Amino acid sequence: MTSFSEITSRTIKFIKSNPQIIYTLFLAVAIPLAFVYTSEKFLKVARDNQDRLERSRIGMLEEAFAFFVRDHLHDAGYVQEQIKRLSSQNQTIMTFDVIGRSGDGKTYPMLASLDESSVGTAVELDGLSRHLMSLARTNPEQSYATPYYNGGIRYWRSVGAILATGTPDVAGFVIVDLSMANTDAIARANVKNAYWVLGIIVILIIILLARQAKVIDYATLYAKLKDVDKMKDDFVSMAAHELRSPLTIIRGYTDMLKSGEKITDAGKGYLDRIDVAAKDLNGLIGDILDVAKLQEGRMSFQLEPLDVSTEIASLVDSFVKPAEDKGLRLLYEATPLPKISVDKTRFHQVMVNLVGNAIKYTPKGEVRVITEEKEGIVSIRVSDTGLGISAEDQKKLFQKFYRVKSDETAKITGTGLGLWITDEIVRQMKGTISVESIKGKGTDFILNFPIAK
Ligand code: ADP
């Protein structure tokens, strides 16, 4: 036997894993209920107003009638005519009787009536009429009315006293029955229409829900995808870490072998190649680890005032040899500069990327590093006379893995991660990076940093 608590916990679990049920309940039940509740309230107010209107209309009519016929009570023909005239103008009047004061306390003489056959007879009145008459007798200035049902139709019965001329004595009564059949039918038709509209709304909600369920599916799918993406990132950075140790060993032994004496020239050539490949691989691993760190916000930045000129001068020095190897001129136009607030290691990494790229993508000519300070901003421009980058490629340059595709770049190895990492690092250090380039002429990368306070 499953216990109540077990069923409850299972239900809660089911709802949790299918959150669309909450939406279903809310949209398909709560909204129609709210609609029904407000429309019922609205209808009640409308009906009450209509009743009040009918009641005061019949009251005024009755009081005016009672006033005008009191001098003519002996002239049944005249009263009869007035009744007919009024009734023909008002289709809701069902009965219109003028009765005299009770003769024997039980029956009343019918003085005039819409039902002509009853005129002159003695009529017995029902409890409702007698009750209203007793009220009208105590306050003859006013008519009294109350609703009642007969055969499923709603009526208003109204009774007013007729005073004998010049006396406070009650000479008779006017009793009128008004039918509310028309008013109620119109209200019912409106309710029916409203429920049709509600039905359509519910169908629309169900259609929307079917789509909503899909959206929720997508949301779950998206959450799962994010998990998978995170797992992929974790795996990549774990693999990159693990690759580093054997690579360090390979590079170490390559260095040892190169400095050994019994190695032939050909052997040294092979070792150089191993060294270059190992260096490339090391760079790639470094890039992958940096991407992971930046994405997870794990890269730390120790911002401190840095003398850019000294930093760039030593960095340019380290690139003189590779530039010379390619037959390029590498120039640095040093100007005195105020300090900027950056992480020294990361700033170095940014400059290595930009100067390294400039040399890498410049077949002939020169690479120039130009600095200047203007309005509190230090600008560092890495300018080359290389391949250049088209306006179209410039837009995507800072995206991860983006590499320009052309015959010239096809021969140059790279991952397309360098500029993404550079852009991220520069932004983390409150700087900006931009590019100016003309295809076939050369490229300028411009770094801007505010002066350290
Ligand atoms: P990688 O150099 O590993 O391909 P980067 O992110 O550093 O990746 O650069 C992305 C692309 O931008 C490069 O593939 C290259 O096509 C282009 N690029 C970068 N710097 C220059 C430059 N100085 N001149 C011409 N093209 C460049």
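I began with the shell around the ligand and asked which element contributes most: H8 does, with 3 residues. I note that this is a predicted model.

I then listed the residues around the ligand. There are 19, and Asn357, Tyr361, Arg403, Thr415 and Leu419 come nearest. Sorted by type, the shell holds 9 nonpolar, 7 polar and 3 charged residues.

Lysine 360 has a polar side-chain atom 3.2 Å from a ligand oxygen. The side chain of aspartate 384 places an N or O atom 2.9 Å from a ligand nitrogen. For threonine 415 the polar atom belongs to the backbone, and it sits 2.8 Å from an oxygen of the ligand. I also checked how much of the ligand is covered: alone it exposes 530 Å², and the protein buries 97% of that. Helix H8 (344-360), helix H11 (418-428) and E13 are the elements that each give two or more residues to the shell.

I moved on to strand E11, residues 377-384. It is mostly covered, with 6 of its 8 residues buried.

Which strands pair with E11? On one account, strand E10 (residues 366-374) pairs with E11 in the antiparallel sense over 8 bridges. In that pairing arginine 368 stands opposite serine 383 of E11. The hairpin of E10 and E11 has 2 residues between the strands, and glutamate 375 there takes a positive phi near 45°.

I also found that strand E13 (residues 442-450) pairs with E11, again antiparallel and over 8 bridges. Here serine 379 stands opposite asparagine 448 in E13.

Note on methods. Residues numbered from 1 in each chain as written. Predicted model: local features only at pLDDT ≥ 70, side-chain atom pairs only at ≥ 80, totals over all residues. Heavy atoms only, no water. Buried < 20%, exposed > 50% of the residue type's maximum accessible area, 1.4 Å probe, protein only. Helix = DSSP H or I, 4+ residues; strand = E, 2+ residues; numbered from the N terminus. Pairing = 2+ DSSP bridges. Near = heavy atom within 4 Å. Polar contact = N/O pair within 3.5 Å; in protein donor to acceptor, adjacent residues only side chain to side chain. Areas by Shrake-Rupley, 256 points an atom, 1.4 Å probe, with all protein chains shown as cover. Nonpolar A, V, L, I, M, F, W, Y, C, P; charged D, E, K, R; others polar.
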